[in-house]
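Here is a short tour of one protein model. Look at the sequence and the fold, then read on.

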Amino acid sequence: MAKTPYGVPKPSRSEQKLIDTINDTWTRERALSELKAHLQVAVEIELATIPIYLYTYYSINRTITGSPANAGFPQSPVARFADKAGALIMSVAVEEMLHMSLSSNISFSLGQQPRLYLLSPGPYPTNLPGHAKLGPDAKTLALPLAPFSEQQLWNFLEIEYPANADAPPEGSNWETIGQVYSYIRCIIYSQWIEDSDFLQGAKNQQIQPGNYSPNNIDTAYPTASFDKTTPVPASAPGSAAQVTDFASREDSHTGRFQLTTITSCEEALEAIATIDFQGEGFNNTKVDDPSKQELSHYYKFLTLQSELEGYEWHAKGMKNGKGEPLPLRPQPPKPPEHPFTPAQLAEFVVPYPTNPVSADLAAPYKSVVDLSSGLYQYMLILTETIFKVPSADQKVYFNRALHMSMIWILDKFLQAMRGIETTSKGTVVALAPTFENLSLGSRDRAFQSLSELADAVATACGNEPWYSDISWLIPMIKQLPDVSDYWKDDDKFAGAPVFPRQPPATIPGGASRHACMGLNDCKNQGRTLSNDCAGMGYCSTALQWNPADAGNPSVTDHQCHVRNDCRGQGGCGLYGTAEEQDSPGDNDCRSLGSCATPINAERFSTDGGNQGKSVWHRARKVFWAKHKARDPKLPAEPPNIPGSTNDPDLFKDGPTIEWIQNEGGGMTACGSSGLSGAGSCA
């Protein structure tokens, strides 16, 4: 594409260099593949920021009541700052959702369903997808879930750090988010991408412009005091409306709308320009709109940080206490004469823990936190489902699904949670969301799982004195749209069992535990405890040799070479001698089992006669040979393991890592080569 659309920056020298390389050395197939892959990366980057910003947002009490020494909201400066901080952070979170929607629309227009569910980046602290070293200090990012503070604002600044004017486009190992979008922009500018490529996903099934509003009551804040005890009409002097400012502006976009549907190269480039400008600023200034009324994400956070004690300003730039510089452009603001102190922050910052996990909580509190994580994950499924809803029904669906789940239920639920006290490392803290990738199973079963989580809260917390603060929200969660029908024909795991996170604590009949799917001795001895006969069990029941090493509970898959609990539990294929690798799942005793369980379908033997071949198929061959030796009447081949409604052959090669991870589990396998299909121990 040669022409630059109005409002879209012309390619920089670095971008033109990449465009020339793409034109000269790539194929059309590679260009389309790279474009789709990096749009999904962009979706996941935007998604990764949302929990981080929301966590900090909910740590702020925006309307503190004050004390004898402090008049509270809206009279005191510290109270108004708290409200402003909340408004600016929420405005950024809203625009990150816009950016995720824009990237999703581009992706869908190319015929690719955007994926969000279970793709939050946790556990925290976390890095962002695809980056090497981000921000001015060029260190691994390690972003935490943390309450509002000067340091957390510094973390926000690193996320939104502006790219240099001629920064090289980067599809991976990027330093600034702008470089990722620069890479995508170069592919679209190349000779290989055509307008017709953006017609593969129907325009009327993309997220429509009418579903987005840049401002809501949570992005508004007072710039001066007003009398809240005697409310007056909005048009009257002294009303709240007369002193209110809004964190976002309507002209903060390129193209016709902020949220736009995509049918051409031009519209895709305009959407990317909107994302760039809102994050880094319009033409690399501190604002993101032509009328210069809205600050970029980066400058919103810098403005807040500049008002806090600990901010260090210099004429040649700003550094925080660790000596990390900020760029000269846009020029950092000067500090006020009287910055807000940590003691003043303590007046409105809720005592949230840093990087909480639900596993550290007692049962009643854990059930509440798990429900908040489940609700967040269901919101992501609701978002994915938008692309399946007919355009005539989309607005109603959007309001009943996204507005109801986020603006009403999740918001009220998290605010109620922070009024519940618990302990973390011996310190009294507020009950905080963890935004964990809590699996609800496949998308066609997710609503049922969410309802069960809601029921579990009622059961676990019904007698707690604080339960009444959240009990009224439980029925509302169960009234969200059930999107199961939209996914029954789409989800290849539909009808297949969910992969349980942990092996069963006890095995019926006292049979031996086994290393993987299809290696069970008899009926109902697979991981799900529901199979018809020997060789048809759904995955491993193996336990770890020393459960104390893995924490709690004791029912945990063994994670690596020699860590199996007893015989028949060797995974094999990563480490071990040729002899060990030739008999996966057939070791004699504890500590003689080789490698992690279960044996994911992608794993291959690294030594012995099976080198380079499937570990799982070798394990099934060894397993069935022993059974036939005991009962010659058995057929020559082991039975097939039932797949799913949409894919009867889903498990013909064993349990795929996608099934293990998407359907509720999680897995790591030792080694640093990246070839195991299941990550590494690093």
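Is L375 buried or exposed? L375 is buried, at a relative accessible area of 1%. Buried means under 20% relative accessible area, exposed over 50%, and partly exposed in between, with a 1.4 Å probe and protein chains only.

This is a predicted model, in which local features need pLDDT of at least 70, side-chain atom pairs count only at pLDDT 80 or more, and totals for chains, interfaces and linings use all residues. Residues are numbered from 1 along each chain as its sequence is written, and side-chain values use heavy atoms, leaving out hydrogens and water.

Helices (H or I, at least four residues) are DSSP runs, numbered from the N terminus.

| Residue | Helix | Relative accessible area |
|---|---|---|
| L375 | α9 (residues 363-385) | 1% |
| D83 | α3 (residues 77-109) | 7% |
| V180 | α5 (residues 177-189) | 1% |

Contact means heavy atoms within 4.5 Å. Setting aside residues up to four places away in sequence, L375 touches S405, I409, L410, L450 and L480. L375 and L450 lie 75 residues apart in sequence, yet their C-alpha atoms are 6.9 Å apart.

D83 has its own set of partners. Beyond its neighbours within four places in sequence, D83 contacts R62, F73, A220, Y221 and P222.

V180 and E170 are ten residues apart along the chain, and 5.4 Å separates their C-alpha atoms.

**The cores**

A nonpolar core is a set of buried Ala, Val, Leu, Ile, Met, Phe, Trp, Tyr and Cys residues joined through side-chain atoms within 4.5 Å. The largest one has 148 residues, and F148, F198, F348 and Y378 touch the most other members. Helix α3 gives the most to this core, with 18 residues. A second, separate core has 23 residues, including I599, F623, W659 and A678.

**Helix α1**

Helix α1 (residues 13-25) has 13 residues and reaches 18 Å from its first C-alpha to its last. That is close to the expected 18 Å, a span given by 1.5 Å times one less than the number of residues.

Which residues of α1 are buried? They are S14, E15, L18, I19 and I22. Seen down the axis of α1, its buried residues fall within an arc of 140°, so they line one face of the helix. The arc is that of the directions from the helix axis to the C-beta atoms. The face turned away carries the exposed residues R13, K17, D24 and T25. What covers the buried residues of α1 includes α5.

Technical notes. Helices (H or I, at least four residues) and strands (E, at least two) are DSSP runs, numbered from the N terminus.
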